[in-house]
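Good morning, and thank you for making time for this item. I would ask everyone to look at the sequence and the structure together while I speak.

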Amino acid sequence: MLYKRKWPLFFFLVPGLLFMLIFLYIPFIENIKNSFYDMTGIIQMPGTKWDFIGFENYKKLFTDPDVRTALKNSLIMMVLTVVFEVGIAFILAVMVSRTKRLQQVFRTVYFFPVVISATAIGLLFKLFYNYDGGMLNQILESFGKEPVNWLSPSLALIMVCIPTLWSYIGFYFVILLTGLSDISDDIYEAASIDGCGGFKQVFYITLPLMKSVFFTCMTLALTGALKVFDLPWVMVPNGAPQGVTHFLGTYMYQSTFVMSNFDYGSTLSILIVVLGIVISKVVGIFTREKKEGR
């Protein structure tokens with residue numbers, strides 16, 4: 001037994017539990033309660049009595065066109081996150097793991113965008129996309145082309161997705177590279193002796209042994225795509241023209257703090273939590289290790 005006396009464990013666990021209870025679970029329960037009330041006028045007229053409206057906010061979710069747009073964009077972001085963020089991160093991790101020299105330099109270079117503030121990245125790319133004097137339009141004009149409105153309704157979504165995906169590739173790169181370092185070199189050497197080349201080693205050795213790491217990355221990527229907020233909001237506040245770049249996180253923020261519709265914002269936050277739980281469970285089912293004997 002590591003600890004014969006158990007009370008020191010509770011001494012360290014209770015503060016963390018209280019912190020989670022006060023700042024996570026109690027507010028979440030309050031959010032659930034707020035979603036059943038009409039909180040209109042809470043700022044203009046403090047002390048206003050809230051009217052119980054039942055499931056009206058939840059019914060509104062099925063008829064609100066902005067929710068459909070935000071949900072569609074969030075699903076697109078999930079697919080792009082798995083394909084590009086995790087996919088590119090895995091390719092980079094495999095290549096860097098085969099490089100013994102300068103490996104720490106590659107770790108730092110690829111992880112660097114993660115430590116930059118999302119607000120700073122959003123402002124940077126907004127300058128790139130600027131119609132008057134933006135870097136992309138300057139390049140086009142140097143080739144004699146007409147400038148493009150990169151944040152127009154037809155292009156805004158993909159232009160917002162590009163920096164969002166780019167900024168987190170390094171995060172999954174570090175996780176996957178750490179997982180690759182746990183695979184013994186003896187396995188690859190034995191495979192090479194048997195005539196298994198580089199690509200086959202990745203397919204038959206690396207991928208199966210990295211299954212648990214991929215599960216972690218996919219869960220983080222998919223649930224993170226549901227919560228994406230800061231970078232899209234900085235680039236296109238209020239979802240750009242016609243709300244075409246709304247994600248669930250940005251629409252929840254707009255409903256709550258811009259439109260002061262706190263009860264509907266609470267309902268949207270519950271939708272995000274429920275979808276996050278469902279998606280993580282689905283990913284767990286598809287990536288679960290098979291039990292021995294089956």
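The charged end of Lys60 is placed over the ring of Tyr264, 4.2 Å from the ring's centre. Please keep in mind that this is a predicted model. A second case of this kind involves Arg98, which lies over the face of Tyr188 at 5.4 Å from the ring centre.

Let me turn to helix H2, which spans residues 56-63. Which residues of H2 are buried? They are Asn57, Tyr58 and Leu61. These residues lie on the same side of H2, because they cover an arc of only 105° around the axis. The face turned away from that buried side carries the exposed residues Lys59, Phe62 and Thr63.

I come now to the interior. In soluble globular proteins, nonpolar side chains tend to be buried together. Here the largest nonpolar core has 38 residues, and those with the most contacts inside it are Tyr129 and Phe247. Several helices give two or more residues to this core, including H2 (56-63), H3 (65-97), H5 (118-129) and H7 (156-181).

How many aromatic pairs does a search of the whole structure find? The search finds 19. One of these is formed by Phe106 and Tyr110, a stacked pair with 6.1 Å centre to centre and 20° between the planes. Both residues lie in helix H4, residues 103-115, and they are four residues apart, about one turn of the helix. Phe106 counts as partly exposed, because its relative accessibility is 30%. Tyr110 has a relative accessibility of 27%, so this residue is partly exposed as well.

A further pair joins Phe229 and Trp233. Their ring centres are 5.9 Å apart and their planes stand at 25°, so this pair is stacked. The two partners may be set side by side. Phe229, at 24% relative accessibility, counts as partly exposed, whereas Trp233, with a relative accessible area of 15%, is buried.

Next, the backbone. Most residues other than glycine have a negative phi. Leu102, although not a glycine, has a positive phi of about 60°. Leu102 is placed in the loop between H3 and H4. With a relative accessible area of 57%, Leu102 is exposed. Ser260 is likewise not a glycine, and its phi is positive at about 55°. Ser260 is found in the loop between H12 and H13, and at 24% relative accessibility Ser260 counts as partly exposed.

One more loop residue deserves a place here. Gly134 is found between H5 and helix H6, which covers residues 135-142. Is Gly134 buried or exposed? Gly134 is buried, because its relative accessible area is 0%. Leaving aside neighbours within four places in sequence, Gly134 is in contact with Leu127 and Phe128. Gly134 and Trp150 are 16 residues apart in sequence, and their C-alpha atoms are 9.8 Å apart in space.

My final topic is the cysteines. A disulfide is a covalent bond between the sulfur atoms of two cysteines. How many disulfides does the count give in this model? The count comes to zero. Cys217 is accordingly in no disulfide, with the sulfur of Cys161 as its nearest cysteine sulfur. Cys161 is buried, with a relative accessible area of 1%. Cys217 counts as buried too, at 0% relative accessibility.

That concludes my presentation, and I thank you for your attention.

Conventions
Residues are numbered from 1 along each chain as its sequence is written. This is a predicted model: local features need pLDDT of at least 70, side-chain atom pairs count only at pLDDT 80 or more; totals for chains, interfaces and linings use all residues. Side-chain values use heavy atoms; hydrogens and water are left out. A nonpolar core is a set of buried Ala, Val, Leu, Ile, Met, Phe, Trp, Tyr and Cys residues joined through side-chain atoms within 4.5 Å. Buried means under 20% relative accessible area, exposed over 50%, partly exposed in between (1.4 Å probe, protein chains only). Rings of Phe, Tyr and Trp (its six-membered ring) pair if their centres lie within 6.5 Å; planes under 30 degrees apart count as stacked, over 60 as edge-to-face and the rest as tilted. A charge sits over a ring if NZ of Lys or CZ of Arg is within 6 Å of the ring centre and within 35 degrees of the ring normal. The arc is that of the directions from the helix axis to the C-beta atoms. Contact means heavy atoms within 4.5 Å. A disulfide is a pair of cysteine sulfur atoms within 2.5 Å.
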